[in-house]
Amino acid sequence: MGGVSTADRAERVPKQDRSRATRQRLLEAAVSCLAEHGWAGSTVSVVAERAGVSRGAAQHHFPTREDLFTAAVEYVAEERSTALRALFPEGAAGDRHAVVAALVDLYTGPLFRAALHLWVAASNEEQLRPRVTELESRVGRETHRIAVDLLAADESLPGVRETVQGLLDMARGLGLANLLTDDAARRERVVAQWAGLLEETLG
């Protein structure tokens, strides 16, 4: 008779766990490499070595370099979105300064630096461009939804949607400025100014 033995099931579960752990290590290593070395310096071999797995194992999970890096940035973007929501489990309409600061932080860490390298590469790589464009659009929509929820913004009112989008565009600009120099002091002043503007606009 057919069927799967208890021993087979016991072996399969750890194997699945190991596979998930390997995939996660590869994704995290890919983002770190992209943030530190840029597209040109981030090969599958470099990422595999950093993750502590063989190149063959890396290609088993991600057959192409484009698969690996778009999946990596998407993975960390989702992790950051989850973390951002977790900062304010009860909502945060009463502390808009904290929300603005948290949103700005999304654009000043290694994820943004990695994503920027991916965008630059996509501008020159025909195979990469549509995937990065679609990814950026999806991540952008999710970040906008999170911002609207956390700010308790009513987008049915005139100008509110544009104000929220302007906040995210501003945060991206601060992230770009932070790539070259530590812009923390000016960033704090801009965050305070935007928090005040949001209080006036959103009520």
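S42 is situated in the loop that joins helix 1 to helix 2, helices being DSSP runs of H or I with at least four residues and strands being E runs of at least two, numbered from the N terminus. The structure is a predicted model, in which local features need pLDDT of at least 70 and side-chain atom pairs count only at pLDDT 80 or more, whereas totals for chains, interfaces and linings use all residues. Residues are numbered from 1 along each chain as its sequence is written, and side-chain values use heavy atoms, with hydrogens and water left out.

The relative accessible area of S42 is 0%, and the residue is therefore classed as buried; the term buried denotes under 20% relative accessible area, exposed over 50%, and partly exposed the range in between (1.4 Å probe, protein chains only). Contacts, defined by heavy atoms within 4.5 Å, link S42 to C33, L34, H37, R65 and F69 when residues up to four places away in sequence are not counted. Between S42 and P63, which are separated by 21 residues in sequence, the C-alpha to C-alpha distance is 15 Å.

At the level of the whole protein, nine helices and zero strands are assigned, and the order along the sequence is α-α-α-α-α-α-α-α-α. The C-alpha trace spans about 70 × 45 × 30 Å along its principal axes. Of the 203 residues, 39% count as buried. Among contacts with a separation of 6 or more, 68% are accounted for by residues 24 or more positions apart. The protein carries 24 positive and 29 negative charges, whose mean positions are 6 Å apart. In this count Lys and Arg are positive and Asp and Glu negative, with His and the chain ends not counted, and each charge is placed at NZ of Lys, CZ of Arg, CG of Asp or CD of Glu.

In soluble globular proteins, nonpolar side chains tend to be buried together. A nonpolar core is taken here as a set of buried Ala, Val, Leu, Ile, Met, Phe, Trp, Tyr and Cys residues joined through side-chain atoms within 4.5 Å. The largest such core contains 33 residues, of which L26, V47, L68, F69 and L118 touch the most other members. Two or more residues of this core are given by each of helix 1 (6-37), helix 2 (44-51), helix 4 (65-87), helix 6 (110-124) and helix 7 (129-151). Another core, of 27 residues, lies apart from it and includes L84, L103, L106 and F112.

With residues up to four places away in sequence not counted, L26 touches V47, A48, A51, V53, A57, A58, H61, F62 and L68. V47, located in helix 2, is buried at a relative accessible area of 0%. Under the exclusion of neighbours within four places in sequence, V47 is in contact with L26, A29, A30, C33, L68 and F69. The C-alpha atoms of V47 and V31, which lie 16 residues apart along the chain, are separated by 9.0 Å. Helix 2 also contains S45, which is partly exposed with a relative accessible area of 35%. A C-alpha separation of 5.6 Å is found between S45 and R55, 10 residues apart along the chain.

The feature "domain: HTH tetR-type" is placed by UniProt at residues 20-80, a span that is 80% helix and 0% strand, with its end C-alpha atoms 19 Å apart. A "DNA-binding region" is listed by UniProt at residues 43-62; this span is 75% helix and 0% strand, and its end C-alpha atoms lie 12 Å apart. UniProt positions are given in the numbering used here, feature names are shortened, and the annotations may be inferred rather than shown by experiment.

Two further residues were examined. S81, in helix 4, counts as buried at 12% relative accessibility. Leaving aside neighbours within four places in sequence, S81 is in contact with E142 and I146. A152 occupies the loop between helix 7 and helix 8 (160-180) and has a phi near 50°, a positive value in a residue other than glycine. With a relative accessible area of 46%, A152 is partly exposed.
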